[in-house]
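Q: Please take one part of this structure and examine it closely, together with what surrounds it. I would like a single connected account, with the cut-off of each term stated.

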Amino acid sequence: MNLSGKRVAVLVEQKYEELELWYPVLRFREAGATVRLVGPEAGKVYPSKLGYPAKAEVAAADVSAAQFDAIIIPGGWCPDYLRRSPAILKLVIDAHAQG
């Protein structure tokens, strides 16, 4: 599958499920997509459920849904933390509204 030119946001927060974050990141990159790790804070390192680090490349407040073709929300406890961020909620709501 060739996804060249596609842009994917993978949301990150603490206690994410390792495979649900890293597998999509690696597979989308292999397929040619541009993947960005988006968190509540740019540059912050978020530990997985087992402590594996993921560094947010950009803050949700600094991007818009129009910049991405897809948004991945990994599981674990990550969604519970993500929903506490107004900027993350806005990004996801706007992406859903775009279809």
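A: Helix α1 is followed by G32, whose phi is positive, near 100°. The model is a predicted one: local features need pLDDT of at least 70, side-chain atom pairs count only at pLDDT 80 or more, and totals for chains, interfaces and linings use all residues. Residues are numbered from 1 along each chain as its sequence is written, and side-chain values use heavy atoms, with hydrogens and water left out. Helices (H or I, at least four residues) and strands (E, at least two) are DSSP runs, numbered from the N terminus.

The helix comprises residues 18-30. With 13 residues, α1 reaches 18 Å from its first C-alpha to its last, close to the 18 Å expected at 1.5 Å a residue; the expected span is 1.5 Å times one less than the number of residues.

The buried residues of α1 include E18, L21, P24 and V25. Here buried means under 20% relative accessible area, exposed over 50%, and partly exposed in between (1.4 Å probe, protein chains only). An α-helix has 3.6 residues a turn, so residues three or four places apart point the same way. Among the elements that cover the buried residues of α1 are β1, β2 (34-39), β4 and β6 (70-72), where contact means heavy atoms within 4.5 Å.

Although buried, E18 has no salt bridge, and the nearest side chain of opposite charge, K49, is 5.9 Å away. The side chain of E18 does make a polar contact with the side chain of S48, at 2.6 Å. Beyond its neighbours within four places in sequence, E18 is in contact with Y23, S48, K49, L50 and Y52.

K49 does take part in a salt bridge, with E17, the closest N and O atoms being 2.8 Å apart. This pair links distant parts of the chain: E17 is in the loop between β1 and α1, K49 is in the loop between β3 and β4, and 32 residues separate them. E17 counts as partly exposed because its relative accessibility is 22%; K49 is partly exposed as well, at 43%. The count of salt bridges comes to eight.

The loop between β1 (7-11) and α1 also holds K15. Most residues other than glycine have a negative phi, and most peptide bonds are trans. K15, however, has a positive phi of about 65° although it is not a glycine. With 35% relative accessibility, K15 counts as partly exposed.

W22 and Y52 form it, edge-to-face, at 5.9 Å centre to centre and with 90° between the planes. W22 lies in helix α1 and Y52 in the loop between β3 (45-47) and β4 (53-55), so the pair ties together parts that are 30 residues apart in sequence. Rings of Phe, Tyr and Trp (its six-membered ring) pair if their centres lie within 6.5 Å; planes under 30 degrees apart count as stacked, over 60 as edge-to-face and the rest as tilted. Y52 has a relative accessible area of 48% and is therefore partly exposed.

E20 is another residue of helix α1, and its relative accessibility of 39% makes it partly exposed. Leaving aside neighbours within four places in sequence, E20 is in contact with I72, P74, G75 and G76. E20 and K44, 24 residues apart in sequence, are 19 Å apart in space, C-alpha to C-alpha.

Technical notes. Lys and Arg count as positive and Asp and Glu as negative; His and the chain ends are not counted. A salt bridge is a side-chain nitrogen of Lys or Arg within 4 Å of a carboxyl oxygen of Asp or Glu. A polar contact is a pair of N or O atoms within 3.5 Å; within protein, one must be able to donate a hydrogen and the other to accept it, and residues adjacent in sequence count only if both atoms are side-chain atoms.
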